[in-house]
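I opened a new notebook page for this chain.

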Amino acid sequence: MKARVAIGVDIGGTNTKIALVSHDGNVRGARTFKTQDFPDFPAYLAELTRQLKELIEFKKTTSLAEIPIAGIGVGAPNANWNNGHIESPVNLRWGRVDLAHQLEASVGFPVELDNDANTAAIGEALFGVAKGVRDFVLVTLGTGVGTGVYAEGQVIRSGNGKAGEGGHIVIEKDGRPCACGGKGHLEAYGSSPGVEATAEKVFGRKVTAKEVSDLLKKGDPLAEQVVDQTAEWLGLGLSTMAAVLNPSMFVLAGGVSQISDDFDKRVQHWLDIYAFKGIRHEARVRTTSTNQENGSVLGAAAMILHRT
């Protein structure tokens, strides 16, 4: 395979991570800065540009020095691949910003922007547990719930560029409020804040998702209840996606996917209970095999490497 290198950028509500990624998935020079340390988008863009230029200089000191940079892949919440815009992300108060074209002008390399769940799906297809699988759904379980739909060997984006918002499937009429303003969405139950909302109800006090995970390891029955309830809600939501998309696999990623060693098996159990009889047991549930620390930038860079 021809040697290639790309830069991956993962823009999260809390942190932004950037790194060099080679064609074989090797991550170099990873660095992180706080997304919300900047008062507005222009200030953030200036810092991102500075960090990227430093990373490009760092590349010259590595074994990748002679390999040209194919481009910069950016994964971000509410990103639209069709137009290169980030469109009013809930946790970033930027409104609608044209990140791809502005970043391309400031750094001098081609930039491709997509929803972070889509970039994660491409990364999983190239380097992870879904390598060789042509039809799967990547489900990110973090501050929110995102889904990247990979079908017939490519990400499905739709004409408007917003396909795959599986976190906003309604699983309970008039249910919990979602960060988007809706009610009863899967995101309000399967995300980290969703786990904490369930835990508060079960424990009768505030408990973090990490505390739930730690208590589960000690055999706490209330933590067991929280984790299994979360798995059931996710299984219910995935059963709807399975009926519409009939994927071969669901890949779980993000912090909540690590809440227990057997979380994928728990979700599989409930998916098989709720799934349409005609497709029951067809979709496997697996946990991502990409490194949790670098998986986000790996997926963003993979968007460039996938087409190069």
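My entries below run from the whole chain to single residues.

**Model and fold.** I noted before anything else that this is a predicted model. I looked up the secondary structure and found 9 helices and 13 strands in the protein chain.

**Dimensions.** I checked the radius of gyration against the globule rule. A compact globule of 308 residues would have a value near 19 Å, and the protein chain has 19 Å, so the two agree. I also took the C-alpha trace along its principal axes, where it spans about 55 × 40 × 40 Å.

**Burial and surface.** I found that 52% of the 308 residues count as buried. The accessible surface of the protein chain comes to about 13,800 Å². Carbon and sulfur atoms hold 50% of that area.

**Contacts.** I took the contacts between residues at least 6 apart in sequence. Of these, 60% join residues at least 24 apart.

**Charges.** How far apart are the mean positions of the positive and negative charges? I got 2 Å, with 32 positive and 35 negative charges in the protein chain.

**Aromatic rings.** I counted 8 aromatic pairs. One of them joins Phe33 and Phe38, edge-to-face, at 6.0 Å centre to centre with 80 degrees between the planes.

Key:
Residues are numbered from 1 along each chain as its sequence is written. This is a predicted model: local features need pLDDT of at least 70, side-chain atom pairs count only at pLDDT 80 or more; totals for chains, interfaces and linings use all residues. Side-chain values use heavy atoms; hydrogens and water are left out. Helices (H or I, at least four residues) and strands (E, at least two) are DSSP runs, numbered from the N terminus. The radius of gyration is taken over C-alpha atoms; the globule rule is 2.2 Å times the number of residues to the power 0.38. Buried means under 20% relative accessible area, exposed over 50%, partly exposed in between (1.4 Å probe, protein chains only). Contact means heavy atoms within 4.5 Å. Accessible areas come from the Shrake-Rupley method with a 1.4 Å probe; for residues, only the protein chains shown count as cover. Lys and Arg count as positive and Asp and Glu as negative; His and the chain ends are not counted. The place of a charge is taken as NZ of Lys, CZ of Arg, CG of Asp or CD of Glu. Rings of Phe, Tyr and Trp (its six-membered ring) pair if their centres lie within 6.5 Å; planes under 30 degrees apart count as stacked, over 60 as edge-to-face and the rest as tilted.
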